[in-house]
Amino acid sequence: MNTSTIPLIIHGKDILQPTHERKYPISLTTPQPSPGFFQGATPDLAIQAIESSASVFPAWSRTDPSHRRQLLLNLARLLRTQTPHIQTLIESEIHCSHQWTEENISVSINMIEETASLITDTLTGIIPPSKGPSFALVLKKPLGVVLGIAPWNAPLILGFRAIVAAVAGGNCVVFKGSELSPRTHHFIAGLFREAGFPPGVVNFVLHRPEDAAEVYEVMIEHPAVRKCNFTGSTGVGRVIAAKAVRALKPVLLELGGKNSVVVLEDADLGQAAEEIVKAGFLNNGQICMSTDLVYVFRSVAGELIGRILERLYAEERPHRVISRASRDRLMGLVDDARDKGAVIHQAGNPFAEDPLGFPATVIEGVTESMEFYTVESFGPVFGIVVVESEQQGLEMVKRSAYGLSSAVFTRDHFKALEMSGELAAGAVHVNAGTVHDEATLPHGGLGDSGWGRFGGRWGLEEFLQTRTVVLNKCRASL
């Protein structure tokens, strides 16, 4: 971008207020000249974005599915050409590794292309049996205007995910980006415009943190908005859902996770340690699917802990979290665990003097009395719980309020399948880490981890409504 202020995008046009009203400073933690501001939305601008989308919905909803497919393929092609630019953008905003930016780009492209391939099949209706001389037709139709809200931690993947399935199904989207990744989220919205999507099909708003409630409420209560999807913390998700229910609007929620790993006695402990460390520390542990708790049988606990610590002390990835508040919260969780008897192991950290630096950390000897046992860490920290039996481990995992991702390590695949049926989580990974998602799979949680599913045909179905048409035979006139 050539401007020092990131604009909103409404009906294909960049929107900047003529005054300094609601402009918000961009906070980048990597050295960069004049990061500038972004334009925050007022309630009036938020309504303009919705009404723009509502005005084009009738025409967009009637476009041929093949046309929508071609536009999505244009989008994926453009994203490929922008790889170096978007890598720099993401790394500057959320100070992540090059590996994480590459993951963001490849997963986003796969998601867009997979969704494009599913459009026609997912929109196909059915003719169920109907009583009497009649035919019942069940049709699938788009909802209308969808409000999509994405977080900063996987800004490209989750930004596209908030939009792609909805527009593929014939809906229009008002995309509400994060103040912590405004440039990346503006890039996403701008790419839809560049790919040839008509003005208003994807509009883009940002807001200052202090304006969140005001802007969200005016949008969710607008009659043109028919559904909201939100990815973020459980606490904020409760507020989003409560206000949506008051307005009688459905919501798709993918929220936090206290993701658990169960390591059985017959597990390949080297493989388990490798996968646990990888899933615990990737992107500084700031992934909703990051490993938080490891339940291991006492008979193999010593060896597994030794293998994990060997990898911890060899950890070369520098770790920084997104804010001082996040760092302070992690320090509080670790201090509480230490005070209650846990042993704290930490890797070296080249960012030790950085106000956002936090070392890769393993908490050995986690108990149910510790805050860490129930609070999502969302940082480069995981804990180890030693259990006496498979049943004890299962019961402890099942008591968790969260249910997003989990893993089981064992050589007995039948046993793993049995346990997978017992674990209340949206996904169970056998002999692999908790951080895993693919464009062909449903993704979402249970309990405090939300409801509904993104991904594959399940994600497309979330943004379609069914309508029944019953055709009766016309009686002959007398």
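1. In this predicted model, domain 1 and domain 2 bury about 1,800 Å² between them, and carbon and sulfur atoms give 63% of that area. On the domain 1 side, the residues that lose the most area to domain 2 are His95, Trp100 and Trp152. Together these three make up 30% of what domain 1 buries there.

2. As for the division itself, domain 1 is made of two segments, 5-256 and 440-467, while domain 2 covers 260-430. Their C-alpha centres are 31 Å apart. Domain 1 brings 23 residues to the contact and domain 2 brings 20 residues.

3. A separate point concerns a helix pair. Helix α2 spans residues 65-81 and helix α4 spans residues 98-122; their axes come within 9 Å and cross at roughly 170 degrees. Angles over 145 degrees count as roughly antiparallel, and α2 and α4 are therefore roughly antiparallel to each other. The crossing of the two helices is left-handed.

4. Which residues make the contact between α2 and α4? From α2 they are Pro65, Arg68, Arg69, Leu72, Leu73, Leu75, Ala76, Leu79 and Arg80. From α4 they are Ile105, Ser108, Ile109, Ile112, Glu113, Thr115, Ala116, Ile119 and Thr120. By type, the residues of this contact comprise eleven nonpolar, three polar and four charged.

Methods: Residues numbered from 1 in each chain as written. Predicted model: local features only at pLDDT ≥ 70, side-chain atom pairs only at ≥ 80, totals over all residues. Heavy atoms only, no water. Axes fitted to C-alpha atoms, helices over the stretch in contact; angles between N-to-C directions. Helix = DSSP H or I, 4+ residues; strand = E, 2+ residues; numbered from the N terminus. Parallel < 35°, antiparallel > 145°, perpendicular 65-115°, else oblique. Left-handed = near helix turned anticlockwise from the far one by under 90°. Contact = heavy atoms within 4.5 Å. Nonpolar A, V, L, I, M, F, W, Y, C, P; charged D, E, K, R; others polar. Domains from an automatic or database assignment. Buried area = accessible area lost by both parts, 1.4 Å probe.
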